[in-house]
Amino acid sequence: MKTIALCILGLVLAGCEYTVPLAATPELKLDPAVVGVWQRDLADGKKERLLVLPLGETEYLVSFPAESADAMFARACLVKVGEQTLVQLRWFGTARGNLPEDGRVYQYVAYSATEGTLSLQLLNSDVVPKDIPTTEGLLQAIAASTEHPDLFREPMMFQQVKE
């Protein structure tokens, strides 16, 4: 299956990079500001959608690119790392029924949702190595890099869709 359609084409060229979760069990309550349908314009003039739905009080279902035959699905939860809240994504399959072929199913994202705009920034594996084998090691590596200017990749900006 090519590791979940290359993790949504690398979720914009970044890839599913990590093999360990930051949190084994979701504990933080959902942020209702991120629930809904989000859309962004691509350079080729096409539009790309992101769907975020609640799966209870502490988890989301994420589909990206939503409404696409290549859509991927993830469970997501909020995780506190030091003073920062990140989204932990665990990609588990595609709209074509494909499943991950390796353990690189986790991504970590800084986010902000304000006035109908959702900004997502993927954790940069050039700063926090992707081969860290333990949750504790990953948490320590992120905490040690909080002042690094490139800790996160360039933001992906989505606008809320109101239909």
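Predicted model: local features only at pLDDT ≥ 70, side-chain atom pairs only at ≥ 80, totals over all residues.
**Strands E1 and E2**
- Strand E1 covers residues 36-41 and strand E2 covers residues 47-54; the two run antiparallel and are joined by six bridges.
- Within this pairing, valine 37 stands opposite leucine 51 of E2.
- A hairpin is formed by E1 and E2, with five residues between the strands.
- Glycine 45 lies in the turn of the E1-E2 hairpin and has a positive phi of about 90°.

**Strands E2 and E3**
- Five bridges connect E2 and E3, again in the antiparallel sense.
- Proline 54 has tyrosine 60 in E3 as its bridge partner.
- E2 and E3 also make a hairpin, and five residues lie between them.
- In the turn of the E2-E3 hairpin, glycine 56 has a positive phi of about 135°.

**Strands E3 and E4**
- Strand E3 spans residues 60-66 and strand E4 spans residues 72-81.
- These strands run antiparallel, and five bridges join them.
- Valine 62 is paired with alanine 74, its bridge partner in E4.

**Side-chain pattern**
- In a regular strand, side chains alternate between the two faces of the sheet.

Notes: Residues numbered from 1 in each chain as written. Heavy atoms only, no water. Pairing = 2+ DSSP bridges. Helix = DSSP H or I, 4+ residues; strand = E, 2+ residues; numbered from the N terminus.
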